[in-house]
Amino acid sequence: MQREERDTVDIDHDAVAAIRRERVDWRFKGLPASAFGATVGEVADRRPDLFADGFVGPLVVLDAAALEHNLTTMSEWCAAHGVLLAPHGKTTMAPQLFARQLAHGAWGITAANTSQLRVYRAFGVRRVLLANQLVDPAGLAWVAAELAADPSFEFTCWADSVAGVRRMTEALGTPARPVDVLVELGAPGGRTGARDQDTAAEVARAVADSPALRLAGVAGYEGALAHDASPAALSAVDGYLRDLRAFTTRVHDLVEVAEPIVTAGGSAYFDQVAAVLTEPWPFPVRPVLRSGAYVTHDDGFYRGISPFGRGAGQPFRSALRAWAQVTSRPEPGLALLTLGKRDASFDEGLPEPQVVRGRDGVERPLAATVTALNDQHAFLALPADSTVEVGDWVGLGLSHPCTVFDKWQLLPVVDGTTVVDLVRTYF
C-alpha cells in the first residue's frame, strides 16, 4: 500500500510548539531549581547537563538518538510491508511525540477513551481510532460536536455488541455526521470483542442499520491471546488473525465505505498482523497497525517479545533510562536507591541496573539486581565486595513504557548527559 498523499495538516503544530512556552516550576519532578520561571523551550535551549546543572533524582530521561532510530525504523518497515500505522498514543500521551510519529508517516493516532481523545483534539490530531466501544452518552455527544465543527476530523470507534450499538444510536440521535464504527472480533479468553463470527455479524448488521453510525470495517487485538514468542503463542495469534481476515470478507457487503479499515497489531506481534492483513484481498482495504510502544521500546518486556528482537527486522533501541542515587548502604550486598513505584514501571518486570556513575563522573557497568520496589525506594542487591557508595548514581533500564510515562509530566530528552529537549505528557 502506498502512503496516502496528505492535503490536510494531521496535527496543530502551533499548539505543539506552544508547549515550549509553558513555564517550568515545582510541578515538574527532577528539574533544577534554576529552571523555575523559565519556559520549557528556554530550559531546553540552555542544554543543561544532567549531573552538573542541578537536576535531582530520581529522574527518567529519553535518549534522543534511540527515539529517532525507532521512529525511522518503524516508519520504513511499515512502508516496506504495505501497512498503515496509527500508534496507540496512550503509551506516551505526549503530543510532541505524536507530531514526530505523524511526521514519520503515521496515518493517525489511536486512543483508548474520551479523555485521551480530548487531549488529541486539543492539539489538533485529525485522524483518531478509539479502540473501544464508546457507549458513554456524554462522550458520544462531545464526539458528535467535534465531527460537526471540523469537517477534516476523522474519528472511528469499535462496537462488539448489539446492545452497544443500540446505546450509541440512542445517545447520538441524528448527528450532523455519522460516527464511523469498526466491528471488533474477539476470541474466547481474549479481552473485548464479539466472541465468534456469527455474533460479530449481528453487530455488523446493527451498525449498518443504524442511522447514527456508519460501518467502516473490522478491528481486533491479538495481544490478549498470547504473552510470549513460543510456537504455541505465535500459532494462536496467527489463527486469530486468519479469523479476523475471514470475518472481514464475510461482512464486506455491509460495509458503507469504499475502502474499509482492517486493524489489529499491538507491539508484540505486528509482523504477523502485517503478513496476514496484506495478503491479496478481493476488494480494497486499509490494513492498519496500532503498535505504540515502539517509539521508546524498553529494556524488558518488549525487548524480549518484539518481532524485531526475534529477527523480523532491525532491532529497536530502548530510549528510556531512569537515574537514581544510592541513598543508603545499610549492610553488605544491599543498597537502597531513590527510585520507587511512583517513578518507574514494575508491572512487567523490575528496573534493570545497567551502569553506576561515581564521584569521578565515569559510568561503569554495574552487576546488580533490583529485587523489590517500595513507593520511593528500590532494593539493589550487590556483590558483597561492591564498591558502590552512598551518593553514586545508578542508571536503570525500564520495562513496559506504557506505565512509565504516566508518572512524569516533563521528561528530558538527552544526548549523552546533555538535555536537548523536554517532552510534556498529559495524563
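## A tour of the pockets and salt bridges

Start with the largest pocket, which holds about 640 Å³ of space. Select Lys90, Arg191, Tyr221, Gly266 and Tyr302: of the 33 lining residues, these are the closest to the centre of the largest pocket. The model is a predicted one, and its protein chain averages a pLDDT of 96, with 98% of the residues scoring at least 70.

Next, select β4 (127-133) and α11 (301-305), each of which supplies at least two residues of the lining of the largest pocket. The largest share comes from α11, with 3 residues. Coloured by residue class, the lining of the largest pocket shows 13 nonpolar, 14 polar and 6 charged residues.

Move to the second largest pocket, where about 390 Å³ of space lies. Its lining has 21 residues; select Glu154, Thr156, Asp180, Arg214 and Arg286, which lie nearest its centre.

Keep Asp180 and Arg214 selected. They form a salt bridge, with the closest N and O atoms 2.7 Å apart. Asp180 lies in strand β6 and Arg214 in strand β7, so the pair ties together parts that are 34 residues apart in sequence. Asp180 is buried, at 14% relative accessible area, whereas Arg214 is partly exposed, at 31%.

Select helix α8 (residues 197-209), in which both Arg205 and Asp209 lie, 4 residues apart, about one turn of the helix. Their side chains meet in a salt bridge of 4.0 Å, N to O. Arg205 is partly exposed at 44% relative accessibility, and Asp209 is exposed, with a relative accessible area of 53%.

Then select Asp271 and Arg310, a salt bridge whose closest N and O atoms are 4.0 Å apart. Asp271 lies in helix α10 (residues 270-277) and Arg310 in the loop between α11 and β10 (320-331), so this pair ties together parts that are 39 residues apart in sequence. Arg310 is partly exposed, with a relative accessible area of 29%.

Finish at residues 1-7, where pLDDT stays under 50. For this stretch the model has 17 contacts beyond four places in sequence.

Notes. Residues are numbered from 1 along each chain as its sequence is written. This is a predicted model: local features need pLDDT of at least 70, side-chain atom pairs count only at pLDDT 80 or more; totals for chains, interfaces and linings use all residues. Side-chain values use heavy atoms; hydrogens and water are left out. On a 1 Å grid over the protein atoms alone, a cavity is a set of points where a 1.4 Å probe fits but cannot get out, and a pocket is an open set with protein on both sides within 12 Å along at least five of seven lines; lining residues have an atom within 4 Å of a point. Grid points are joined across faces, edges and corners, and a volume is the space filled by probe spheres set on the points. Ala, Val, Leu, Ile, Met, Phe, Trp, Tyr, Cys and Pro count as nonpolar, Asp, Glu, Lys and Arg as charged, and the others, Gly among them, as polar. pLDDT is the predictor's confidence in each residue, from 0 to 100. Contact means heavy atoms within 4.5 Å. Buried means under 20% relative accessible area, exposed over 50%, partly exposed in between (1.4 Å probe, protein chains only).
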